[in-house]
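Hi,

Here is the structure I promised to pass on. Have a look at it first, and then read on for what turned up.

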Amino acid sequence: MALDLFAGIPVNDFAAALAWYERLLGTPPAFVADDKEAVWELAKHRSLFIEHRPEHAGHALHTVFIDDLDAMVTAATTRGVHPRARETYANGVRKATYEDPEGNELSFGSAPL
């Protein structure tokens with residue numbers, strides 16, 4: 001079965017969100033659909049997008065698992081974006097949670113070391 005993921009984050013201030021997610025993710029979007037939507041391809045067939053939807057802004061909760069959590073956190077920190085929280089679960093899984101200026105949460109997790 002083929003699998004594509006297109007995860008959305010509703011925002012109120014599109015321009016501010018675009019700048020913040022560029023800093024967090026370390027790259028401009030793969031494409032900007034229009035003046036209300038921008039898309040980052042995190043991996044083949046796995047995309048994250050922001051969309052101007054003020055009535056829903058601040059309610060997204062997404063977690064993306066990556067190979068090197070420490071490198072991602074360090075890189076985001078050098079770009080001025082810091083995690084709101086860092087956790088290590090009893091099974092060793094680690095997670096760094098970022099909160100955009102509108103309250104949306106985007107977390108990055110990693111398998112135990």
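This is a predicted model: local features need pLDDT of at least 70, side-chain atom pairs count only at pLDDT 80 or more; totals for chains, interfaces and linings use all residues.

To get your bearings, where is the place of Thr97? Thr97 sits in strand 7, which covers residues 94-99.

Is Thr97 buried or exposed? It is buried, because its relative accessible area is 3%, and the cut-off for buried is under 20%. If you skip the neighbours within four places in sequence, Thr97 is in contact with Pro83, Arg84, Ala85 and Glu87, and also with Glu105, Leu106 and Ser107. Trp20 lies 77 residues away from Thr97 along the chain, and the C-alpha atoms of the two are separated by 14 Å.

Another one to click on is Ser110, which belongs to strand 8 (residues 105-110). With a relative accessible area of 3%, Ser110 is buried as well. Which residues does Ser110 touch, leaving aside those within four places in sequence? Its contacts there are Phe65, Ile66, Asp67, Leu69, Val93 and Arg94.

Now zoom out to the whole chain. There are two helices and eight strands in its secondary structure. Reading from the N terminus, the order of elements is β-α-β-β-β-β-α-β-β-β. How does the chain compare with a compact globule? For 113 residues, such a globule would have a radius of gyration near 13 Å, and the chain has 14 Å, so the two agree.

Among contacts with a separation of 6 or more, 53% are between residues 24 or more positions apart. The accessible surface is about 6600 Å², and carbon and sulfur atoms account for 54% of that.

Next, the largest pocket. Its volume is about 160 Å³. What lines it? The lining consists of Leu5, Ala7, Leu42, Ala43, Arg46, Ser47, Leu48, His62, Thr63, Val64 and Leu106. Sorted by class, that gives seven nonpolar, three polar and one charged residues. Strand 1 (5-11), strand 3 (37-43), strand 4 (46-52) and strand 5 (61-65) each put at least two residues into this lining. Leu106 of the lining is also one of the contacts of Thr97, in case you want to go from one place to the other on screen.

Two histidines in loops are worth a click too. His45 is in the loop between strand 3 and strand 4. Its phi is near 65 degrees, a positive value in a residue other than glycine. Most residues other than glycine have a negative phi. His45 counts as partly exposed because its relative accessible area is 39%.

The other is His56, in the loop between strand 4 and strand 5. At 36% relative accessibility, His56 is partly exposed. His56 and Glu37 are 19 residues apart along the chain, with 14 Å between their C-alpha atoms.

That's the tour. Over to you!

Terms used. Residues are numbered from 1 along each chain as its sequence is written. Side-chain values use heavy atoms; hydrogens and water are left out. On a 1 Å grid over the protein atoms alone, a cavity is a set of points where a 1.4 Å probe fits but cannot get out, and a pocket is an open set with protein on both sides within 12 Å along at least five of seven lines; lining residues have an atom within 4 Å of a point. Grid points are joined across faces, edges and corners, and a volume is the space filled by probe spheres set on the points. Helices (H or I, at least four residues) and strands (E, at least two) are DSSP runs, numbered from the N terminus. Ala, Val, Leu, Ile, Met, Phe, Trp, Tyr, Cys and Pro count as nonpolar, Asp, Glu, Lys and Arg as charged, and the others, Gly among them, as polar. The radius of gyration is taken over C-alpha atoms; the globule rule is 2.2 Å times the number of residues to the power 0.38. Contact means heavy atoms within 4.5 Å. Accessible areas come from the Shrake-Rupley method with a 1.4 Å probe; for residues, only the protein chains shown count as cover. Buried means under 20% relative accessible area, exposed over 50%, partly exposed in between (1.4 Å probe, protein chains only).
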